[in-house]
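Try each task yourself before reading the solution.

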Amino acid sequence: MSHPEPGAPLGRLEGQLKVTGAARYAAEYTPRGTAYAWPVPATIARGTVTAVHDTDALAMPGALAVLSHHNAPRVTPADDPVLSVLQNAHVPHRGWYVALAIAESLEAARGMAAALHIDYAADEHDVVLTEGHARLYEPELANGGHPARREHGDFDAAYASAAVRVDATYTMAAQHNHPMEPHASTAEWDGDRLTVYDSNQGSTKVRDALATLFELRPEQVTVVSEHVGGGFGSKGTPRPQVVLAAMAARQLRRPVKLALPRNQLAAVVGHRAPTVQRLRIGADRKGGISALGHEIITHTSTVREFVEQAATPSRTMYTAPNSRTTHQVAALDVPTPSWMRAPGEASGMYALESAMDELAVALGMDPVELRVRNDPAIEPDTGKPFSSRHLVECLREGARRFGWEERDPRPRSRREGSLLIGTGVASATYPVLVSPSMAEACTVPGGGYRVRVNATDIGTGARTVLAQVAADALGVPVDHVLIDIGRSDLPAAPLAGGSSGTASWGWAVHHACRRLRALVMEAGGAETPTTTLRAFADTSGEADAESPYARHAFGAHFAEVAVDADTGETRVRRLLGVYAAGRILNSRTGHSQFIGGMVMGLGMALLEGSTMDPSFGDFAERDLASYHVPTCADTPAMEAHWIDEDDRHLNPMGSKGIGEIGIVGTAAAIGNAVHHATGVRLRELPMTPDKVL
Ligand code: MOS
């Protein structure tokens with residue numbers, strides 16, 4: 001365990017704690033006197049709570065209290081209105097929390113919740129997104145602060161006069177994250193001080209939201225999130241359970257634990273909004289794209305506007321002198337969508353990369369060559385040079401490793417009994433995002449160093465990689481570094497999201513460690529000085545400075561599928577990804593990030609989808625028996641490779657984010673392989689057997 005060099009395949013520092021069960025997650029903290037809460041979701045899709053009958057519930061053994069809008073503590077609205085729970089009688093969507101049962105045990109709380117009688121006045125609801133929906137409007141901004149509309153040149157004229165045209169519409173159902181560890185919080189008040197153990201992707205943000213809601217100073221709130229069992233975006237923002245736990249603990253004057261049951265998650269932790277995406281591409285006969293149109297229709301809730309930024313990758317990927325990229329959204333009576341696993345890019349690149357395949361077929365051109373032919377020298381939307389862009393190299397290297405040149409491009413050209421075999425390719429991209437962070441480094445009496453930063457390890461290996469970044473900056477073996485993360489009383493840090501964690505935290509860790517190293521040198525260079533030396537870093541103004549470069553990671557995905565002509569079942573046989581994402585700081589956890597993303601892309605292609613029930617107004621899939629994620633049996637031979645990039649325009653480590661790019665484009669590669677296998681173009685995800693037949 002003494003690899004000083006970045007990139008070394010160091011195993012997870014907390015791996016042993018996790019596999020032995022010693023690592024504690026939010027619901028595993030049980031302070032003395034803990035009570036248990038169970039939330040009660042609304043059973044109408046829109047309307048008003050008219051009465052909460054709690055007599056039966058409160059008469060049950062172990063019952064402690066029922067909170068509803070009648071008696072719940074008032075909170076000051078935070079940035080996100082989904083956190084203003086139990087504040088009024090309005091029900092904006094089915095599954096919105098209308099009450100909270102609290103008891104001496106989990107079982108008693110659940111029993112109370114079932115015994116509550118809630119009366120409603122239901123209004124008409126509207127939960128189904130359609131093209132041409134009357135409530136569609138063009139917002140100003142899509143998620144991530146992207147302008148909803150961008151236009152370059154004259155798209156209509158260029159498209160109309162193009163020699164070869166593709167006009168295709170792709171649709172995706174809503175999807176849900178369903179992390180292994182459902183959202184959970186244990187809250188405890190000590191006078192005016194609040195401590196919560198919470199499962200999230202960034203506890204500085206949770207702390208600040210709780211401070212606003214309960215009118216506390218941030219230092220009065222401590223949020224502990226030492227181990228987190230996945231989030232994928234659904235824990236990137238504070239969720240109602242942390243507010244409800246804190247409310248209940250305040251009301252009861254004792255600790256309260258609230259672990260959300262999985263069958264409630266779909267309504268309260270966000271989802272990838274469904275999209276209808278129209279792609280129009282016009283090209284000359286040699287494949288040069290002259291016109292690119294990518295128009296999105298999606299939904300949001302009436303609680304908050306969230307617009308899946310699915311057209312944004314079309315602003316970056318290919319040369320297109322005339323382009324139009326737009327988003328329209330309808331605010332329906334549905335749960336509020338949010339971040340899910342490469343929001344924007346994952347959905348948008350499914351459509352763009354499928355349409356590119358359709359264009360290649362229409363041109364009779366190899367789909368790798370079509371992409372190479374349209375690789376831009378500068379970012380089409382901004383005109384900025386790329387800090388580094390090795391998409392072509394990823395495509396070429398992937399094609400070589402995959403054996404692409406042996407491919408017969410004709411659909412239905414390979415058959416094994418009832419199985420039709422096909423291969424497909426798609427590009428990947430993900431933006432380089434980074435946020436300011438603070439970090440502290442100090443010497444430890446007796447030897448070694450301690451690094452403190454409120455990073456969150458949601459299972460990615462963040463803790464381990466940060467120790468490597470610190471060791472590298474200090475010039476010491478990694479086992480000389482202790483690393484503290486996952487508590488909001490550590491130096492403030494941004495969330496584990498947008499594939500930006502390592503870049504953001506690592507930048508501050510690097511600076512703090514470099515400063516500490518200088519102090520140690522000044523003090524004589526000894527690793528065990530008699531006094532503790534301390535250095536601090538805050539990358540505000542530096543990490544968030546506007547870059548003159550367009551900064552994105554790129555990649556290429558290759559897939560081989562076997563489609564059963566009798567049953568319509570598609571199995572992925574091989575998935576191969578090649579990425580260009582700056583320096584890879586740990587080859588082992590990095591590889592896991594890439595193939596983990598590819599597995600999610602496989603799920604998106606073939607299995608995952610949430611169905612909106614139009615009459616009840618909720619998502620039908622609310623457990624892992626109905627919301628299918630890939631199992632080991634679904635994941636074939638998976639290979640992830642990367643091209644080393646030396647990009648000096650990123651951060652001191654030279655890294656780009658790698659958490660999400662593995663998802664982006666994978667579904668298109670699989671869909672393109674299904675077309676190659678069967679000759680049938682499916683334009684709707686997931687590609688379940690009923691759609692294949
Ligand atoms: Mo990710 S969807 O940015 O947590």
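**Exercise 1.** Is R253 buried or exposed?

*Solution.* Before counting, two ground rules. Residue numbers start from 1 along each chain as its sequence is written. The model is predicted, so local features need pLDDT of at least 70 and side-chain atom pairs count only at pLDDT 80 or more, while totals for chains, interfaces and linings use all residues.

Step 1: get the cut-offs. With C-beta atoms placed from the backbone, a residue is buried if 20 or more other C-beta atoms lie within 10 Å of its own, exposed if 12 or fewer, and partly exposed in between.

Step 2: apply them. R253 has 8 other C-beta atoms within 10 Å, so it's exposed.

Step 3: R253 sits in the loop between helix 6 and strand 15 (256–259). Helices (H or I, at least four residues) and strands (E, at least two) are DSSP runs, numbered from the N terminus.

Step 4: check the backbone. R253 isn't a glycine, yet its phi is positive, near 55 degrees.

**Exercise 2.** Which loop holds F232, and what is its phi?

*Solution.* Step 1: look in the loop between strand 14 and helix 6, where F232 lies.

Step 1: read the angle. Phi of F232 is positive, about 60 degrees, although the residue is not a glycine. Most residues other than glycine have a negative phi, and most peptide bonds are trans.

Step 2: count neighbours. F232 has 25 other C-beta atoms within 10 Å, so it is buried.

Step 3: now a peptide bond. L685 and P686 are joined by a cis one, with omega about -10 degrees. P686 belongs to the loop between strand 28 (684–685) and helix 15 (689–692).

**Exercise 3.** How many residues of helix 5 are buried, and what do they pack against?

*Solution.* Step 1: count along helix 5 (residues 203–213). Eight of the eleven residues are buried, so the rest of the structure largely encloses this helix.

Step 1: name them. The buried residues of helix 5 are S203, T204, K205, V206, R207, A209, L210 and L213.

Step 2: find their partners. They pack against strand 13 (193–198), strand 14 (221–224) and helix 6 (240–252); contact here puts two C-beta atoms, placed from the backbone, within 7 Å.

Step 3: step off the end. Just after helix 5, E215 has a positive phi of about 55 degrees.

Step 4: visit L495, in the loop between strand 23 (481–484) and helix 12 (501–522). Leaving aside neighbours within four places in sequence, L495 is in contact with Q201, G202, K205, G236 and T456. It has 26 other C-beta atoms within 10 Å, so L495 is buried.

**Exercise 4.** Where do the buried residues of helix 3 sit around its axis?

*Solution.* Step 1: pick them out. In helix 3 (residues 106–115), A108, A109, M112 and A113 are buried.

Step 1: look down the axis. These residues cover an arc of only 140 degrees (taken from the directions from the helix axis to the C-beta atoms), so they are on the same side of helix 3.

Step 2: see what covers them. The cover includes strand 1 (35–41), helix 2 (55–58), strand 3 (63–68) and strand 5 (97–103).

**Exercise 5.** At what angle do helix 13 and helix 14 pack?

*Solution.* Step 1: get the geometry. Helix 13 (residues 587–606) and helix 14 (residues 666–678) pack at about 50 degrees, with axes 7 Å apart. Helix 13 is therefore oblique to helix 14. Angles under 35 degrees count as roughly parallel, over 145 as roughly antiparallel, 65 to 115 as roughly perpendicular and the rest as oblique. Axes are lines fitted to C-alpha atoms, for helices over the stretch in contact, and angles run from 0 to 180 degrees between N-to-C directions.

Step 1: list the contact. M598, G601, L602, M604, A605 and L606 in helix 13 meet T666, A667, I670 and G671 in helix 14.

Step 2: sort by class. This contact has seven nonpolar, three polar and no charged residues. Ala, Val, Leu, Ile, Met, Phe, Trp, Tyr, Cys and Pro count as nonpolar, Asp, Glu, Lys and Arg as charged, and the others, Gly among them, as polar.
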